[in-house]
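Let's walk through this model together, from the fold of one chain to the place where two chains meet. Keep the viewer open as you read.

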Amino acid sequence: MGATRTGRKPPRVGDQPLFRRMLIGIVLVIVALLIVAPLVVIGVEAFSKGWFVYRDTIIHPDTLHAIGLTVFPAIVAVPVNTAFGIAAAWSITKFDFWGRRFLLVVIEIPFSVSPIVAGVAYLFVYGLQGVFGPALDEYGLKILFAIPGIILASMFVTAPFVARELIPLMQAQGRDLEEAATSLGASGWRTFFSVTLPNIKWALLYGVVLCNARVMGEFGAVSVVSGNIRGQTNTLPLHIELLYHDYQAAGAFAAASILALIAVFTIIAKVALERQGAGRARRPTLVTNPAEKTQ
Amino acid sequence: MRRNVLPGLRLSLGVTLFYVGLIVVLPLAALVFKAASLGPEDYWRIVSSSRALASYRVTVLSALGATVFNLFFGLALAWVLTRYRFPGWRIVDAMVDLPFALPTAVAGIALTALFTTNGWFGSILAELGIKVAYTPLGIMIAMCFTSLPFIVRTVQPVLEDLDPALEEAAQSLGGSDWQIFRKVILPLLTPALLAGVSLSFARSLGEFGAIIFIAGNQPMSTEITALLVFIRLEEYDYQAAAAVASVLLIAAFVMLALTNWMQSRALRYTVRG
């Protein structure tokens, strides 16, 4: 599309200087008020009682424990969801089978279901009033109000994250390269690692980064299944709520500033990955058939 | 259908179905099962209680307000980001994803700090007689924040791929900018806009973390449906929690079906989140 714009640029719709400046102005003001201001206020409030209060909140054993409980589920849930995302994308984009579109919809479900609903749903599977709860209790296995519950709820909420980054890209790339590799005698794994993976690595990494941010920041689903026990099953987002309702606003914002930093790093990683081509997922890179081009 | 020579269908599909079954379908089925075990009369009594009805009203109305705001602002933002170049546009483009990346609880306390009566914005608005925090307006603002990226990111790729020749043709026929926007550009954007709107609305209906801090959470006036589910759980009224949660689940399914239908109309433009 760059090629059509070379040479003399015709004035496009909305290019009058006055309109253009006004629209940019309005948009920037709203972005500043709605998006930038919340980020700034976290930093300001976190340090409102000074550096020492900030430091004391961060190194408090409860906070450190909450950080651990936030990182550990991510270490488990993100790789599992990545493996699932790759498997789902491979089966959906490389094969035709009955119910493919339906499967795609089912994978997307967690995206539109409220996290609270997810938490409640897990309660009715593993809780004492749930399907498996009583049996698990007999064997002394504790899933809810413990770390496994936090991991499972995080997995539900982020299940579609990697898959939905890979599927459009792999759909656009088609099957020709993999078919060529297979017909030359490469095994399935070899085909995947030497042909498919290099083509999807940036989008994959992008999905992983988003998935990680969401797992660490999940609040609703985790607050239902964790039981919210201070120093035991309190993840960082839950710890923030606890401090906030304890009237320790500065402490809550100090804890929040850690998560805000993770969010900022996530966005920086996203921009970097997009420059590497992950953002081009929606634009076919291998499709040469002009009929396939939209518009 | 052509013959497929690729290996790995059994393994990849097996893993996918097993995982989706265990992580997504099983819990939701258990929830539906629990709600269904109530029997139609009890179920109806719970989901149509006045407190539940009030929570649907505040949730749906706030979500509608937030979605309408985001429809206009999201379109304007997508337009500015694709059509105009100004210093720092890349930063603005990156900032659009902040509501996705920022944990909802963090967004919740940050927005509350801004909009309480002694906050940066709240103090100014209070002088004008507008109260935001602990009112439905606060709920709406939290929803605006969390669902903004949906519309921007669905519309942006379509705007980018818009063929300039279409505008040139319309211009050569003497159309004014507004006419061209309304009759040429807007119809092309409509499927993407609708898909973005339904995603944004669905997200707002289910949002919890960002809202509970700013909402005030008064039953009958500022209590959202997701919070009502949570409160029923804390009261150990599991059946009522299941019933009200099932209403949210049904709403999510309706929105999902709607989104899918619209996306299939928007063809290949995929949503990024």
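Predicted model: local features only at pLDDT ≥ 70, side-chain atom pairs only at ≥ 80, totals over all residues.

Residues are numbered from 1 along each chain as its sequence is written, chains are lettered from A and ligands numbered from 1 in the order in which they are written, and side-chain values use heavy atoms, with hydrogens and water left out.

Let's begin with chain A, which has 13 helices and zero strands. Helices here are DSSP runs of H or I with at least four residues, strands are runs of E with at least two, and both are numbered from the N terminus. Of the 295 residues in chain A, 53% count as buried; buried means under 20% relative accessible area, exposed over 50%, and partly exposed in between, with a 1.4 Å probe and protein chains only. Take the contacts (heavy atoms within 4.5 Å) in chain A between residues at least 6 apart in sequence: 71% of them join residues at least 24 apart.

Now turn to the partner chain. In chain A, 113 residues are in contact with 101 residues of chain B. The size of an interface is often given as the accessible area lost when the parts come together. Between chain A and chain B about 9600 Å² is buried, with carbon and sulfur atoms giving 73%; this area is what two parts lose on being put together, summed over both, with a 1.4 Å probe.

Two salt bridges are counted between chain A and chain B, a salt bridge being a side-chain nitrogen of Lys or Arg within 4 Å of a carboxyl oxygen of Asp or Glu. The side chains of A:Lys270 and B:Asp97 form a salt bridge at 2.5 Å, N to O. On the side of chain A that touches chain B, helix H1 (residues 17–46) gives the most, with 20 residues.

What does B:Leu31 touch, leaving out residues up to four places away in sequence? Its contacts are A:Val117, A:Val120, A:Ala121, A:Phe124, B:Ala242, B:Ala245 and B:Leu249.

Finally, look at A:Ala181 in helix H9 (residues 176–183) of chain A. A:Ala181 is buried, with a relative accessible area of 13%. Beyond residues up to four places away in sequence, A:Ala181 touches A:Ala186, A:Thr191 and A:Val195.
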